[in-house]
Amino acid sequence: MFSHESSTADSAVIVGGSLGGLTMALALAMHGISSTVLERTRGRAQRGVAILVSGADLRGAIGAGAYKAVVDDLGAAATRQGLNPHAWWDVYGALRRAAEVEPLITIVDDATVVEVGQGEAAAWAHTENGRTWRADVVIGADGYRSTVRRHVDADRPDATYAGYVMWLGQSPVPPEYLDFMSGPDFFPKNREMLAVYPLIEADGDITRFGWGIFDPRPTALLRRIGVLDGLRVQHTPRVGDIPDDLYIAMAAEAERNWDEPWASAVATAFRNREVIATPITEYLPERVANGRVTLIGDAAHAQTPMTGAGFQEAVFDAAALASTLANAPAPAEGVARFELLRLAQMRSRVEAGQSFSRAFASV
């Protein structure tokens with residue numbers, strides 16, 4: 001069984017309190033393992049558009065009790081067996097509230113981790129306010145720009161730009177078009193592609209749809225405004241970083257390119273600046289473990305949204321790591337077993353997405 005070797009109050013420190021980090025904490029709690037989640041923001045600002053949730057996989061990862069809390073929050077329609085799009089913010093909120101009431105989980109906001117390390121008896125994370133958090137293991141769930149990855153694989157610390165942007169938004173569905181919202185659909189046009197998907201409400205109704213436009217053309221703009229440094233994405237551009245004339249052009253293009261009801265809704269979102277321009281990154285891991293420190297989710301295997309499996313893979317990571325830690329004689333051995341169990345599948349999923357990116361992108 002997992003041995004509590006360090007002299008700290010927690011068996012795991014999880015760096016990153018987004019979907020993967022919260023799922024990881026709940027998965028550990030199911031096995032009786034306590035954790036502290038270090039989140040760099042105070043709560044999270046709304047971000048993302050839609051997430052695909054597999055109810056059976058999530059239940060297996062976090063256990064029946066936590067899963068029921070999430071289902072009660074989201075509504076069973078959003079987490080039934082199969083992949084069902086739901087608003088990112090709703091999924092995040094449900095996981096956060098389930099974690100907040102779990103006695104084995106402590107969430108610390110405003111905790112920006114700047115360095116991680118380890119010794120014979122413990123691993124640790126240093127935050128920018130000078131505090132050190134020690135535990136038996138440190139788990140990096142800190143996304144594509146992972147700080148923890150620098151410790152795990154110092155020779156390959158950065159995810160790379162995949163060569164295109166995904167413009168993300170969500171819009172109301174006119175009632176007369178509800179019959180069209182059966183699941184994710186993809187519409188290619190010239191060098192772009194529009195993806196649309198229903199967003200399922202807690203009561204099972206659909207009043208909004210999420211959408212994303214895959215677009216390789218803004219690469220030069222990203223370099224000009226400092227978002228890209230070579231192939232490294234520095235940050236997601238803010239609304240004010242995008243020139244007004246590009247929003248106007250994208251609105252006009254949406255009206256020309258797409259059928260209704262997508263055309264008008266997407267065009268309105270561009271005119272209202274209610275769009276997130278997300279540079280797509282990929283990271284193909286060669287290793288995800290180093291002693292007592294390991295990676296999950298996008299920190300371990302950033303992949304294009306075209307795979308439709310980013311959150312699902314993070315759920316698989318959390319389930320596997322919690323299980324190997326709970327059943328290993330020592331923390332480092334549990335981490336090593338996790339890498340053996342998951343690395344090949346991580347690589348396979350990223351490589352599947354890269355085949356799309358290479359055909360579609362412009363770097």
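This is a predicted model: local features need pLDDT of at least 70, side-chain atom pairs count only at pLDDT 80 or more; totals for chains, interfaces and linings use all residues.
Biologist: How many residues of helix 10 are buried?

Modeller: Helix 10 runs over residues 310–327 and has 18 residues. Its first and last C-alpha atoms are 26 Å apart, close to the 26 Å expected. The helix is largely enclosed by the rest of the structure, because the number of its 18 residues that are buried is 13.

Biologist: Which residues have the most contacts inside the largest nonpolar core?

Modeller: Nonpolar side chains tend to be buried together in soluble globular proteins. In this model, the largest nonpolar core has 65 residues. Those with the most contacts inside it are Met-24, Leu-28 and Ile-139.

Biologist: What does Met-24 touch, leaving aside its neighbours within four places in sequence?

Modeller: Contact here needs heavy atoms within 4.5 Å. By that test, Met-24 is in contact with Ile-14, Ile-139, Ile-296, Ala-318, Leu-321 and Ala-322.

Biologist: How many residues are in the other core, which lies apart from the largest one?

Modeller: Among its members are Phe-209 and Met-250. Ala-265 and Val-266 belong to this other core too. Its number of residues is 30.

Biologist: What is the volume of the largest cavity?

Modeller: A search of the whole structure finds two cavities of 30 Å³ or more. The largest cavity has a volume of about 80 Å³.

Biologist: Which elements give two or more residues to the lining of the largest cavity?

Modeller: The lining includes Arg-149, Arg-150, Arg-232 and Val-233. By type, the lining residues are four nonpolar, one polar and five charged. The elements asked for are helix 5 (149–152) and strand 15 (232–233).

Biologist: Which residues lie nearest the centre of the second largest pocket?

Modeller: The second largest pocket has a volume of about 170 Å³. Strand 10 (160–172) and helix 11 (331–360) each supply at least two residues of its lining. The lining divides into seven nonpolar, three polar and two charged residues. Of its 12 residues, those nearest the centre are Tyr-161, Ala-162, Glu-282, Gln-354 and Arg-358.

Biologist: Is the peptide bond from Glu-260 to Pro-261 cis or trans?

Modeller: Pro-261 sits in the loop between helix 7 (244–257) and helix 8 (262–271). Omega for the bond from Glu-260 is near 10°. The bond is cis.

Biologist: Where is Arg-273 found?

Modeller: Arg-273 has phi near 60°, a positive value in a residue other than glycine. Its relative accessible area is 25%, so Arg-273 is partly exposed. Its place is the loop between helix 8 and strand 16 (276–282).

Biologist: Why does Asp-110 count as partly exposed?

Modeller: Asp-110 is in the loop between strand 5 (105–108) and strand 6 (113–118). Its phi is near 55°, a positive value in a residue other than glycine. Asp-110 counts as partly exposed because its relative accessibility is 42%.

Biologist: Which residues is Thr-41 in contact with, leaving aside its neighbours within four places in sequence?

Modeller: Thr-41 lies in the loop between strand 2 (35–38) and strand 3 (50–53). At 21% relative accessibility, Thr-41 is partly exposed. Its contacts are Asp-109 and Asp-110.

Biologist: What separates the C-alpha atoms of Thr-41 and Ser-18?

Modeller: Thr-41 and Ser-18 are 23 residues apart along the chain. Their C-alpha atoms are separated by 10.0 Å.

Technical notes
Residues are numbered from 1 along each chain as its sequence is written. Side-chain values use heavy atoms; hydrogens and water are left out. Helices (H or I, at least four residues) and strands (E, at least two) are DSSP runs, numbered from the N terminus. The expected span of a helix is 1.5 Å times one less than its number of residues. Buried means under 20% relative accessible area, exposed over 50%, partly exposed in between (1.4 Å probe, protein chains only). On a 1 Å grid over the protein atoms alone, a cavity is a set of points where a 1.4 Å probe fits but cannot get out, and a pocket is an open set with protein on both sides within 12 Å along at least five of seven lines; lining residues have an atom within 4 Å of a point. Grid points are joined across faces, edges and corners, and a volume is the space filled by probe spheres set on the points. Ala, Val, Leu, Ile, Met, Phe, Trp, Tyr, Cys and Pro count as nonpolar, Asp, Glu, Lys and Arg as charged, and the others, Gly among them, as polar. A nonpolar core is a set of buried Ala, Val, Leu, Ile, Met, Phe, Trp, Tyr and Cys residues joined through side-chain atoms within 4.5 Å.
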